[in-house]
Every structure is written in C-alpha cells, then in structure tokens.
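Trainee: I would like to learn how to read a fold from its model. Could you take me through it feature by feature?

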Amino acid sequence: MKIFITGVSGFIGKSLQEYYVAQGHEVRGYYRNEELLYRLECYRPDVIINCAGEIYKPELMYSSNVDFVHLILDYMRVHPTTKLIHLGSSSEYGRMDRASNETDGIKPVDMYQATKGMGTLLCQGYARQYGLKVAVARVYSAFGPHERAHRLFPALYRAFFQDQPMTLSKGFHDFIYIDDFVRGIDTLVNCDFVPGDIINFGSGIQTSNLEVLQAWERVTGRTAPVTYVDEFSKKFEGGVWQCDTSYAERTYGFRTEYTLEQGIKDMIGKLNANSINNKK
C-alpha cells in the first residue's frame, strides 16, 4: 500500500511513519513548506493521513488547519479512489460538562479549536457532496515517545530520570497511548467507513494531572521534583475532558489496550533504550 503522511516531523506523524514502514508499506512523508500538490501528483498514494496542523501560532492556523486541508480535498476530487484519514482534535468540542461524543457540535473558544473544526467541516462537506473516502479521527490526549519536549509526559520523564524540576498545573484529560491511537488509525485505513464519518479516539477514562503524577510514581518507584499548582493553565480548561468511546467500539470494534500505567512503562522503556543507543 502507498501511504502519504503529512506532518511527519511531529509526534503522531512520526509514530505513524515508523509503524507503516515496519509493516512493509511504501511510505512518503510530507514536511512543512514542501509543494503539496506536486508531491501528491508524483506519488499518487492509496492513502493520505493528514497529521499536519498548527497548534501554537495563531497567525499560521488558518493556512495550516484549513487551507492545507482544502488543498488535499481538491486533490481527492481529481483522484477519488484515494482514501483520506484527517486528524481532528477533541478540543473542537470546546468545554464540556460530560464525555463528548461524535454528535456533539463544535464550540470553539480559540483560534486553534475554530480552525480545526473548520477543517473537519470541510472534510465532511467534500466527502458527502463528492462521495470521497474521507474520515476524521478526533484524538484525545495522546502520549508516548516522539512527543515534543515541552509536553507533560516528556517533562515528567525528565523530572523522574534527570531530576529536572517542573511545575504541574491542575488539569483533566483522557489520555490514550500512542500505540493504541496508531492502531485506531490503522483500523480506518483498512476498513470501509461512511464518507465524512467522525470517530473519537480516547480511552474513555478521565485522569487528572495529579493522578498522572501519582501513576509515574507507582511505575518508577520514585519521587520527582514536581511542584503542583491547583489552578488551570488555560482558560478553556474545565473539570471534564473525556471521550465517549461507544461509537468507536460499536462501529469499528476499537478499544484501547494500554492502561495509563502500561503506557507510561512502555514509553519509559523506549526512551531509555533510545538514550542508550544515542550514547553508543
């Protein structure tokens, strides 16, 4: 199978690239500032997995999260046998007072949430009008190797194994280990879905940041220089951030295999192994 993955310099894109290369598929990665349509026309992939997007710079969010998606969809109109898995985000739902499900509307409170939601709507509109094989995979809080250094789990790794102090803010998330999420994406790659379908990928279990810290302590048998602050770090955060997993389970037979502690243990093992290999 010929697979084209955008955003391969990022956490999820890199993880997917490694998985499909290991599976023996022909994989091409797309990096920011390359000419997208030229790359697609030259490669003619069977599947596109769009992991590209802008999270941090508001001035780049529309071009990255909306215009870029539009370009991919226009390519698919000309090549309708191509399948697209577009990575959405659980943040599109906005602030919730219960677990979010695929029928909930978009309620953005910032540019990131709004532009990700617009990308999802474009995918649904193109898929339904032109009969394109497009699905949106809304990921909750994925963690694992290849995460950017400033993220929660890499910071905890440095705190526990390198004694680097860190501040931990109040927060609640539905954490899904990257290997589970990759398996969810692979489920979509290998099945026939309804054009424009949205699928939530999370564990269905909400965990506080303080509980995450305690899980790291249990897994490692250590304590770390972590200062806990009982305040949210972002204005849109609330007391509920949880995935309703019933649709993914019922329709696609997907459920997570890793518990939080199993994911932490696997992540630590891989990071330690990489550290040893880098020193050789």
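Mentor: What follows goes from the sheet to the cores, the backbone and the open spaces.

Mentor: This is a predicted model, in which local features need pLDDT of at least 70 and side-chain atom pairs count only at pLDDT 80 or more, while totals for chains, interfaces and linings use all residues. Residues are numbered from 1 along each chain as its sequence is written, and side-chain values use heavy atoms, with hydrogens and water left out.

Trainee: In what order do the strands of the open sheet lie?

Mentor: Strands of a sheet pair through backbone hydrogen bonds, either parallel or antiparallel. Helices (H or I, at least four residues) and strands (E, at least two) are DSSP runs numbered from the N terminus, and two strands pair if DSSP finds at least two bridges between them. Here 6 strands form an open sheet with parallel pairing, in the order 2-1-3-4-5-10. Strand 2 (26-30) and strand 10 (197-201) are the edge strands, each pairing on one side only, and the twist from one strand to the next averages 20°.

Trainee: Which helix packs on the sheet and touches strand 1?

Mentor: Contact means heavy atoms within 4.5 Å, and axes are lines fitted to C-alpha atoms, for helices over the stretch in contact, with angles running from 0 to 180 degrees between N-to-C directions. Helix 1 (residues 11-22) packs on the sheet, touching strand 1, strand 2, strand 3, strand 4 (83-89) and strand 5 (133-139), and its direction makes about 165° with that of strand 1. Helix 4 (residues 111-130) lies across strand 4, strand 5 and strand 10, running at about 155° to strand 4.

Trainee: Which residues have the most contacts inside the largest nonpolar core?

Mentor: A nonpolar core is a set of buried Ala, Val, Leu, Ile, Met, Phe, Trp, Tyr and Cys residues joined through side-chain atoms within 4.5 Å. The largest has 53 residues, and those with the most contacts inside it are Ile 49 and Ile 185. Apart from it lies another core of 26 residues, among them Ile 48, Leu 73, Met 76 and Tyr 140.

Trainee: Where is Asn 33 found, and what is its phi?

Mentor: Most residues other than glycine have a negative phi. Asn 33, however, has a positive phi of about 80°; Asn 33 is found in the loop between strand 2 and helix 2 (36-43), and counts as exposed because its relative accessibility is 75%. Arg 44, in the loop between helix 2 and strand 3, has a positive phi near 50° and counts as partly exposed at 45% relative accessibility.

Trainee: Which residues line the second largest pocket, and which line the largest cavity?

Mentor: On a 1 Å grid over the protein atoms alone, a cavity is a set of points where a 1.4 Å probe fits but cannot get out, and a pocket is an open set with protein on both sides within 12 Å along at least five of seven lines; lining residues have an atom within 4 Å of a point. Grid points are joined across faces, edges and corners, and a volume is the space filled by probe spheres set on the points. The second largest pocket holds about 230 Å³, and its lining includes Ser 15, Glu 18, Pro 145, His 146, Asp 179 and Lys 270. The largest cavity has a volume of about 60 Å³, and among the residues that line it are Ser 90, Tyr 93, Arg 98, Tyr 140 and Trp 241.

Conventions
Buried means under 20% relative accessible area, exposed over 50%, partly exposed in between (1.4 Å probe, protein chains only).
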